Amino acid sequence: MNKKEDLNFEDAIEELEKIVDDLEEGGLALKKSLEKFSRGIELIKYCNEELNKTEKKIEVLIKNDKEIKKIVPFEDEFGQ
Amino acid sequence: MEYNIDNFYSVSQISNYLEAILTQDKILQDLWVKGEVSNFYQANSGHLYFTVKDKNAQLKTVMFRHKSRKVDFEIEEGMEIVVHGYINIYKDRGEYQLYADQIVPEGKGTLYQAFEKLKKKLEEEGLFDKDRKKKIPLIPKKIGIVTSPTGAAVRDMLSVVDRRFENISILIVPSLVQGDQASRQIVEGIDYLNSRSDIDLIIISRGGGSIEDLWPFNEEEVVRAVDASKIPVISGVGHETDFTITDFVADLRAPTPSAAAELAIANREEIEKHLDNLSKRLLQNQRTRIENAHKKLASIAERRLFKKPSELFIDKMQNLDELSRELKYKMEQTLNKSRQRFNILSSKIDALSPLKTIKRGYSITYDQENNLISDINQLEVGQELKTTIINGDIISSVQKIEENGGLDE
C-alpha cells in the first residue's frame, strides 16, 4: 500500500466492509476477486497498525500568566 | 342548620368534598409559590418535607423522591425559593399542602430566563442542527480534554481510560470550570487544541453542580467556541439530568464526564471485534473461492479429453489415412489411364511412321535444299535429287518429267 495514500481509519473500515460484502455476494471474476482480496488484506493491516499506533500517554498543559506553555505527564503534576 | 341525628357528614365525606373542590380549581392545580424554607427534612425514602412561609402564613410542602432527584442545589433553612406544584389535602392529617414538582432558588429565575433565551436564539440560528454535527473518530489518536485538573471529572475520566484501553494519548488543558474566569479559559482551551495538529477529539467536562456552577457552559462565547471548533467536541458536563447549552451544540452529548470518556474510547473494543470479524469473513470467502476453483479445475482435469488427449485426433488420423489411401488409388487410376492412352497413341504413331512405309519399299525424295519433293512442278530436268530408302541415300538427276494427273490414294 502506498504509504502516502490519504486513508483514515473510518474510510478504511468502510472500504473493507464493502469489499467483504462484494466478495460474499459472489459473481466476481477470479482475477477481480483476488485484487479485492489483496486490497482487503492491505486494509486490515492498515487498520491494525492504526489501532496499535497510539501509545498511552496522559499529559497536561502547564501555562503561567505569560502564556509560556509546557506539557508534562499528568501524574507528575496532579497525581496523588 | 339544626342538629338532626339523621343529618350529618362523615369526616371522610368532608375530606373528599374538599378534595373535589381543590382539584377542580385551575389556579390551585398549577401554581408557583414564593417563600422561605423552614422545617426542611429529607426522609430516608428520598422524599422532601418542608414548609414555605412568609411573614404571615405558612404552607406545608412535600416533594416526592422522583421529583426531588431533579433538584440541582442544596435546600437550606431560611433559603428563599420559588416552588411549583399543586394544592391538595392530606386526609390522614386533615391538612392541605403543596405537592411540589419543581424548586428554583429565588434570584435564579433570571438565569433560567437567560438560559431559555440563549437556547432559543441559537436554535433559531441552526446551531443545534443535526447536519452540523461532526463525526466522532472511531479511534481517536489524541484526545484533548478541557477541564479542571483537580476536579472529580478528570479523575472519573482517567479511571475510565485506565480500565478500558491501554493505548490512548490524552492532553489535558486545565481550565477553571466555574466562576467568572471559566468561560474565557474554556474558550482558550478549545482554541488552543484547535491550533495543534495532533488532536482529533475534544472533551469539555466538569462534574455536577448548581446551575450557577454549570453556568460557564451556558455562556454564549463557550457555546460559539464549541460550534466553531474544527475538531469534534464531546460535552460531559454535570450529571445526567443537567443540560447545558453546550450539550446542545456539541457534536456528542455525554450525560457525565465518565460517559464522555466511555463514548470517546469505548468504540475500540467493538471496532477490534468488527475488524476481526471482517478479516475472518474475507479469509473464509477467499478460501472457499480458491477451494471451489480447485474443485472445478480438478473436475475439468478429470474429463476424457485431458485424461486421453490422443482421442482428440485419433479420428483425424484415421481420416487422414483414408484420404491418403484414396488419393493413392485415384492417382494410380489416372496414371493407368494415361499409360493406356499413351500405348494406343504410340502404336498409332508407329503405324503412321514413314520409316515403316520406307521399310515396305517406299522412298522419300528431297531437293538440294532438303525440301521434300511431292509435286512435279517443284522439279526441273537436270536437277539433282536425294532419295532416301531404308538403308541409304541415292543421289540422282532428273532425266524427264511426266505428269500422270495425280494418283488416287
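Tutor: Happy to! Let's begin with contact: two residues are in contact if their C-beta atoms, placed from the backbone, lie within 7 Å. Please keep in mind that this is a predicted model.

Student: What makes residues of chain A and chain B count as being in contact, and how many are there on each side?

Tutor: The test is the C-beta distance, with 7 Å as the limit. By that test, 28 residues of chain A are in contact with 26 residues of chain B. On the chain A side, the elements that give two or more residues are α1 (9–25), α2 (30–53), β1 (57–63) and α3 (74–78). The most comes from α2(A), with nine residues. By class, the chain A side has 16 nonpolar, four polar and eight charged residues.

Student: Why are β1(A) and β7(B) called paired strands?

Tutor: Pairing needs at least two bridges between the strands. One example is A:V60, whose bridge partner in β7(B) is B:I172.

Student: Which residues touch the most other members of the largest nonpolar core?

Tutor: That core has 49 residues, and those touching the most other members are B:M157, B:I172, B:I190, B:I202, B:V226 and B:I234. Helix α4 of chain B (residues 152–164) gives the most to this core, with six residues. Take B:V226 as an example: leaving aside neighbours within four places in sequence, B:V226 is in contact with B:I190, B:I204, B:V233, B:T246, B:V249 and B:A250. There is also a second, separate core of 16 residues, and among its members are A:L16, A:I44, A:C47 and B:I139.

Student: How do you know whether B:A254 is buried or exposed?

Tutor: Count the other C-beta atoms within 10 Å: 20 or more means buried. B:A254 has 22, so B:A254 counts as buried. This residue is in strand β10 (residues 252–254) of chain B. Not counting residues up to four places away in sequence, B:A254 touches B:I234, B:S235, B:G236, B:A259, B:A260 and B:L263. From B:A254 to B:H239 the separation is 15 residues in sequence and 9.4 Å in space, C-alpha to C-alpha. For the whole of chain B, buried residues make up 22% of the 409 residues.

Student: What makes β11 and β13 of chain B edge strands?

Tutor: The open sheet has three strands in the order β11-β12-β13, with antiparallel pairing. β11 (364–366) and β13 (392–397) each have a single partner strand, so one side of each is left without a neighbour in the sheet. The twist averages 25° from one strand to the next. Three bridges join β11(B) to β12 (residues 384–389) of chain B, and B:Y366 has B:K386 as its bridge partner in β12(B).

Student: Why are α5(B) and α6(B) called roughly parallel?

Tutor: Angles under 35 degrees count as roughly parallel. The axes of α5 (residues 182–195) and α6 (residues 220–228) of chain B cross at roughly 10° and come within 9 Å; the two helices are therefore roughly parallel to each other. In their contact, B:S183, B:I186, B:V187, B:I190 and B:D191 of α5(B) meet B:E221, B:V222, B:A225 and B:V226 of α6(B). By class, that contact has six nonpolar, one polar and two charged residues.

Conventions:
Residues are numbered from 1 along each chain as its sequence is written. Chains are lettered from A and ligands numbered from 1 in the order in which they are written. This is a predicted model: local features need pLDDT of at least 70, side-chain atom pairs count only at pLDDT 80 or more; totals for chains, interfaces and linings use all residues. Helices (H or I, at least four residues) and strands (E, at least two) are DSSP runs, numbered from the N terminus. Ala, Val, Leu, Ile, Met, Phe, Trp, Tyr, Cys and Pro count as nonpolar, Asp, Glu, Lys and Arg as charged, and the others, Gly among them, as polar. A nonpolar core is a set of buried Ala, Val, Leu, Ile, Met, Phe, Trp, Tyr and Cys residues joined through C-beta atoms within 7 Å. A residue is buried if 20 or more other C-beta atoms lie within 10 Å of its own, exposed if 12 or fewer, and partly exposed in between; C-beta atoms are placed from the backbone. Axes are lines fitted to C-alpha atoms, for helices over the stretch in contact, and angles run from 0 to 180 degrees between N-to-C directions. Angles under 35 degrees count as roughly parallel, over 145 as roughly antiparallel, 65 to 115 as roughly perpendicular and the rest as oblique.
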